[in-house]
Amino acid sequence: NRSSDLSHIFRAFFRVGTFASAASMACFALTHYPFEVTSEKLQFACLAASLIATEINFLWVNPTVTGYMTERLSIEKSAGIEDRVLTADLEPLKDDKKYQEVSKRFRRFHGVSVVLLLSSVVCMFIHGCILAKNI
């Protein structure tokens, strides 16, 4: 089942991201607290923001996206177009109000997930740049 496979992959992906952010933040705090210089405060803030973003994604956004994805795939399957990929292939569902609403919510929450993921990556990148500069 495609939605089940994707659900497991993304759950594992966000779990690893959450663990990496938490471990990085804990190690940094243990080795640098109390934070005395601005770069240390910025690094800790970035690590905290990364952890918050990955946690929100893991606990709330990803399960919501997965639910909408599963619902969408179920509607596609019942319409007999479950294996089609292109928007043009979804012609039988263009007037289906429920499908349109589920797709709209899926896209909205998927967009939120992408923004949270990119925010986390940017925060970790900033942290890495400051670390590299101080080596």
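Partly exposed here means a relative accessible area between the buried limit of under 20% and the exposed limit of over 50%. Glu-71, at 29%, is therefore partly exposed. Keep in mind that this is a predicted model.

**Helix α2**
- Helix α2 covers residues 38-78, and at 1.5 Å a residue its 41 residues should span 60 Å. The C-alpha atoms at its ends sit 57 Å apart, which agrees with that figure.
- Just past the end of α2, Gly-80 adopts a positive phi of about 80 degrees.

**Ser-113 and its neighbours**
- Ser-113 belongs to helix α3, which runs over residues 97-133.
- With a relative accessible area of 10%, Ser-113 is buried, because the cut-off is under 20%.
- Leaving aside residues up to four places away in sequence, Ser-113 touches Phe-14, Asn-57 and Val-61.

**Salt bridges**
- The count comes to two salt bridges.
- Glu-101 and Arg-105 form another, with their closest N and O atoms 2.7 Å apart. These two are four residues apart in helix α3, which means about one helical turn separates them.
- Glu-101 is partly exposed at 33% relative accessibility, and Arg-105 is partly exposed at 35%.

Note on methods. Residues are numbered from 1 along each chain as its sequence is written. This is a predicted model: local features need pLDDT of at least 70, side-chain atom pairs count only at pLDDT 80 or more; totals for chains, interfaces and linings use all residues. Side-chain values use heavy atoms; hydrogens and water are left out. The expected span of a helix is 1.5 Å times one less than its number of residues. Buried means under 20% relative accessible area, exposed over 50%, partly exposed in between (1.4 Å probe, protein chains only). Contact means heavy atoms within 4.5 Å. A salt bridge is a side-chain nitrogen of Lys or Arg within 4 Å of a carboxyl oxygen of Asp or Glu.
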